[in-house]
Amino acid sequence: MTTDTKKNPGKVEKHGFQAEVSKLLHMMVHSVYSEREIFLRELISNASDACDKLRYDALTSPELIKDDPEFRVTITLDEKASTLTLSDNGIGMDHDDLVSHLGTIARSGTSAFMDKMSGDDAQDVNMIGQFGVGFYSVFMVSDNIQVVSKKAGETASWTWQSDGIGEYTLSPATKESRGTDIILHIKDDAKEFLEEFRIRSIVKTYSDHIAIPITLNFTKDDEEQSEKVNDGTALWVRPKSEITEEQYKEFYHHVGHAMDDPWMTLHYKAEGVIEYSVLMYVPSQPPMDLFDPARKTRTKLYVKRIFITDDCEDLIPGYLRFMRGIVDSEDLPLNISREMLQNNPVMTKIRSALTKKILSELEKKATKDAESYVNFWKSFGAVLKEGIYEDFSRRDQLLKLARFESTSEQGLQSLDDYVGRMKEGQDNIYYITGDSLDVAKRSPQLEGFKAKGIEVLFLTDAVDDFWLQMVPEYEGKKFQSVTRGTADLDDKKEDDDKEDKKTTPEIDALIGLLKTNLEGSVKDVRLSKRLTESAVCLVADEGDMDIHLQKILQQHQQLDQTTLRVLEINADHALIKTIAAAAVKEGSIDTLKDAAILLLDQARIMEGDLPEDPQAFVRRLSSIMVGGLK
Ligand SMILES: Nc1ncnc2c1ncn2[C@@H]1O[C@H](COP(=O)(O)OP(=O)(O)OP(=O)(O)O)[C@@H](O)[C@H]1O
Ligand SMILES: [Mg+2]
């Protein structure tokens, strides 16, 4: 924000656009985007939101709309003046609103667009359709914009004016009625947008679902004409058979401030003790704020077609926050305040029934359309799994919906798929948690399981370590981490012999040496049953916190003291055999000490951690290499 933004009544104030806005505007002003018509969709969507906001405020302050209770949007075409004016009698904007809303980029579809901008206009311009860049899309068709706005309940009104190049001005206006007029001076190459049939078809295409009457004023044969150009009834009250796929999509774009196509559309009317209509969507692309720590849900609540609020926390649980859409209740009182929504019995019933319905629809999709369910899961699985942790009543249903990569390398698997493939006598569902699939796949602790053909699930979402704390088993099969406890990979008879064979005096001596030299750094040292290629690995002892969970909590400073790990050694590994042989011989204690610590450092490095003392690690490694290369 440039410094010369002093509020200066009567005078014209000059303001600079926020840097990001200038970048965006530059692209808009020079854009050769084919579907420039979307500017009208964006303006109508804003006007409708502005009316919804005021309708809600008026529930508690009816004086705000007493002199003009009917909400409307009008589009006035003036071919002589080459202007298109879009007006609404919604909430309007005061001086500071105009600065913060039209001079900077708030969190919206537009900022998602900015994040994706490459800086090459020609490339970026084609993304406009995906993000719908909001108010700024007007600069694709106009080289001079005036926004004249008067906030409801206020006397002052302001004119915001800009040509989209670098700065805008603000000056006092004389607007009588509340709301906003956006006057576009249409560019020479955009005159098509002054023709009523063109405007009529754009409204029909993109904004027919807007539940506020949109009137088009134009002159024909020197006669003033005025006609309503949208259906104006709430889409969700119309019979499903009368709604086209396009109309469902456009409503999703409007209600979700999104531009992707919905993956699943849920439209139904619930009747019975309580009555409500639902029109909700599962996006195909993850919304921008999906992992926002606030975990806000974005469902709009209506009561008898009256908009109440647009982020109603009580309608759906946080783990379904990717849903977009509306719920229209027949039973809630119209003057319900946000506070009253909390713990409201009607809301509680709607929430529970709606959650159940959404999950059962997802189940149907998972069976009927497994392939596209995989895409759904890749986008939203990590969020849905939060429900396993926080929603005990839906836990089993959510576990059935869950999908995991596994060592079977057959893509995403369900727990039922895994259980169906368990080996005879296998009681546990084996899993490994990790920061990413790549990291988890390289874990030494997997070796023994792979060698025995025992499938291990990869759990690589941060939430996994948490829900696993709450869910000890699935259908009687215990969840067992391959980085904790003992790896019961034994087929009894065969391995006991092998076991005995492995505990040689050399190995015992080595274990003794390691225990002595690594005291205080490891909890225990033992022979490994899960290593086939690596020499060593670290595991959490049975009953201790698992390795990856400890790492996450440490990273978030939520753990003050750390649990020591068990160092496992692979008796068949050449390095182990060499050190074990040296351990029984009167070798140099120092060298063996170094070797012991280097083994632990090795195990740490494979965990993706640094050696306890990197300098000492390098020194030890160098001296052993020197010894080895002489
Ligand atoms: N007609 C209007 N009346 C009142 N406020 C408006 C109007 N048009 C825009 N605004 C304000 O300007 C802000 C920016 O509008 P813009 O369309 O760029 O973003 P958005 O609507 O918030 O999100 P999206 O990018 O999804 O459209 C809005 O959030 C709103 O606060
Ligand atoms: Mg908008």
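The entries below go through charges, contacts, backbone angles and surface patches.

**Entry 1: what I am looking at.** I am working with a predicted model, and I keep that in mind for every distance I write down.

**Entry 2: salt bridges in helix 2.** I began with the total, and the structure holds 45 salt bridges. I picked out the pair Lys300 and Asp49, whose closest N and O atoms are 3.7 Å apart. Lys300 lies in strand 12 (residues 298-303) and Asp49 in helix 2, so this pair ties together parts that are 251 residues apart in sequence. I checked the burial too: Lys300 is buried, and so is Asp49.

I stayed in helix 2 for another pair. The side chains of Arg55 and Asp52 form a salt bridge at 3.4 Å, N to O. Both residues lie in helix 2, three residues apart, which is about one turn of the helix. Arg55 and Asp52 are both buried.

Is Glu42 buried or exposed? Glu42 counts as buried because its relative accessible area of 10% is under the 20% cut-off. I found Glu42 in helix 2, which spans residues 38-60. Its side chain makes a polar contact of 2.9 Å with the side chain of Arg41.

Entry 3: Next I looked up Asp231 and Arg238, which form a salt bridge with their closest N and O atoms 3.4 Å apart. Asp231 is partly exposed at 31% relative accessibility, whereas Arg238 is buried at 9%. I also noted a network elsewhere: salt bridges that share partners join Lys523, Arg526, Arg530, Asp541, Asp544 and Glu568.

Entry 4: As for its place, Arg394 is in the loop between helix 12 (386-390) and helix 13 (395-401).

Entry 5: Lys304 counts as partly exposed, with 38% relative accessibility. I wrote down one C-alpha separation here: Lys304 and Pro333 are 9.2 Å apart by that atom, and 29 residues apart along the chain.

Arg305 is in this loop between strand 12 and strand 13 as well. Its phi is near 70°, a positive value in a residue other than glycine. I made a note of that since most residues other than glycine have a negative phi. Arg305 is partly exposed, with a relative accessible area of 32%.

**Entry 6: another positive phi.** Where does His257 lie? I traced His257 to the loop between helix 8 (245-256) and strand 10 (262-270). The phi of His257 is near 45°, again positive in a residue other than glycine. His257 has a relative accessible area of 47%, so I list it as partly exposed.

**Entry 7: two surface patches.** Which residues gather in a patch of negative charge on the surface? I listed Asp78, Glu79, Glu195 and Glu224. From this group I looked up Glu195, which lies in the loop between strand 7 (179-186) and helix 7 (196-207). Glu195 is partly exposed, at a relative accessible area of 30%.

The other patch is nonpolar: Leu621, Met625 and Leu629 make about 320 Å² of surface. I placed Leu621 in helix 23, residues 614-629. Leu621 has a relative accessible area of 34%, and so counts as partly exposed.

Terms used. Residues are numbered from 1 along each chain as its sequence is written. Chains are lettered from A and ligands numbered from 1 in the order in which they are written. This is a predicted model: local features need pLDDT of at least 70, side-chain atom pairs count only at pLDDT 80 or more; totals for chains, interfaces and linings use all residues. Side-chain values use heavy atoms; hydrogens and water are left out. Patches are made of residues with over 30% relative accessible area and no salt bridge: like charges are joined within 9 Å, nonpolar side chains (Val, Leu, Ile, Met, Phe, Trp, Tyr) within 5 Å. Accessible areas come from the Shrake-Rupley method with a 1.4 Å probe; for residues, only the protein chains shown count as cover. A salt bridge is a side-chain nitrogen of Lys or Arg within 4 Å of a carboxyl oxygen of Asp or Glu. Lys and Arg count as positive and Asp and Glu as negative; His and the chain ends are not counted. The place of a charge is taken as NZ of Lys, CZ of Arg, CG of Asp or CD of Glu. Helices (H or I, at least four residues) and strands (E, at least two) are DSSP runs, numbered from the N terminus. Buried means under 20% relative accessible area, exposed over 50%, partly exposed in between (1.4 Å probe, protein chains only). A polar contact is a pair of N or O atoms within 3.5 Å; within protein, one must be able to donate a hydrogen and the other to accept it, and residues adjacent in sequence count only if both atoms are side-chain atoms.
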